[in-house]
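Subject: Structure handover

Hi,

Here is the structure you asked about. My notes follow it.

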Amino acid sequence: MNDWIEIGSINDIPRRGARCVKTPQGKIAVFRTMEDQIFAIDDHCPHKGGPLSQGIVHGAAVTCPLHNWVISLETGKALGADEGSVKTIAIKLDGDRILALLELAAVAAE
């Protein structure tokens with residue numbers, strides 16, 4: 001069953017930054033763009049499993065810190081000549097609260 005779970009506040013994430021949230025299905029990376037858009041994707045690059053939450057956010061994309069793959073935060077797909085994708089997680093804002101559509105009852109933020 002999917003449910004909207006509060007995973008933090010927009011104020012917890014710096015602009016052009018990210019935080020990692022642990023779920024029973026694995027870690028997800030929650031990103032904030034310079035324009036205050038919030039996105040969430042699996043926290044592993046499809047190339048070699050690099051931690052996307054530690055990458056550089058630019059526009060609506062993140063660059064993996066290991067091998068510079070660029071991943072769309074909107075679609076989860078690798079951009080440019082690279083191929084692969086990560087799962088995207090539905091996000092909505094309720095005031096400053098970030099809610100994610102997850103398959104669990106509770107999450108633990110890192």
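Among contacts (heavy atoms within 4.5 Å) between residues at least 6 apart in sequence, 44% join residues at least 24 apart. The model is predicted: local features need pLDDT of at least 70, side-chain atom pairs count only at pLDDT 80 or more, and totals for chains, interfaces and linings use all residues. Residues are numbered from 1 along each chain as its sequence is written, and side-chain values use heavy atoms, with hydrogens and water left out.

Overall fold. The chain has 11 strands and 0 helices. Both are DSSP runs numbered from the N terminus: strands are E, at least two residues, and helices are H or I, at least four. The radius of gyration, over C-alpha atoms, is 13 Å. That agrees with the value near 13 Å for a compact globule of 110 residues; the rule is 2.2 Å times the number of residues to the power 0.38. The C-alpha atoms fill a box of roughly 35 × 30 × 20 Å along the principal axes.

The accessible surface (Shrake-Rupley, 1.4 Å probe) is about 5900 Å². Carbon and sulfur atoms account for 47% of that surface. There are 14 negative side chains (Asp, Glu) and 11 positive ones (Lys, Arg), without His or the chain ends. The centres of the two sets lie 3 Å apart, with charges placed at NZ of Lys, CZ of Arg, CG of Asp or CD of Glu.

Cores. Of the 110 residues, 42% are buried (under 20% relative accessible area; exposed is over 50%, partly exposed in between; 1.4 Å probe, protein chains only). A nonpolar core here is a set of buried Ala, Val, Leu, Ile, Met, Phe, Trp, Tyr and Cys residues joined through side-chain atoms within 4.5 Å. The largest has 14 residues; Phe31, Ile41, Leu52, Val62, Trp69, Ile71 and Leu73 touch the most other members. Strands S3 (26-32) and S4 (38-42) each supply at least two of its residues. A second, separate core of 13 residues includes Ile7, Ile28, Ala40 and Ala100.

Loops. Thr33 lies between S3 and S4. It is buried, at 0% relative accessible area. Beyond neighbours within four places in sequence, Thr33 contacts Arg15, Arg16, Phe39, Gly59 and Ala60. Asp36 sits in the loop between S3 and S4 and is partly exposed at 26%.

Backbone check. Most residues other than glycine have a negative phi. Asp36 has a positive phi of about 65°. Asn68 also has a positive phi, near 65°. Asn68 is in the loop between S6 (61-63) and S7 (70-72) and is exposed at 55%.

Best wishes
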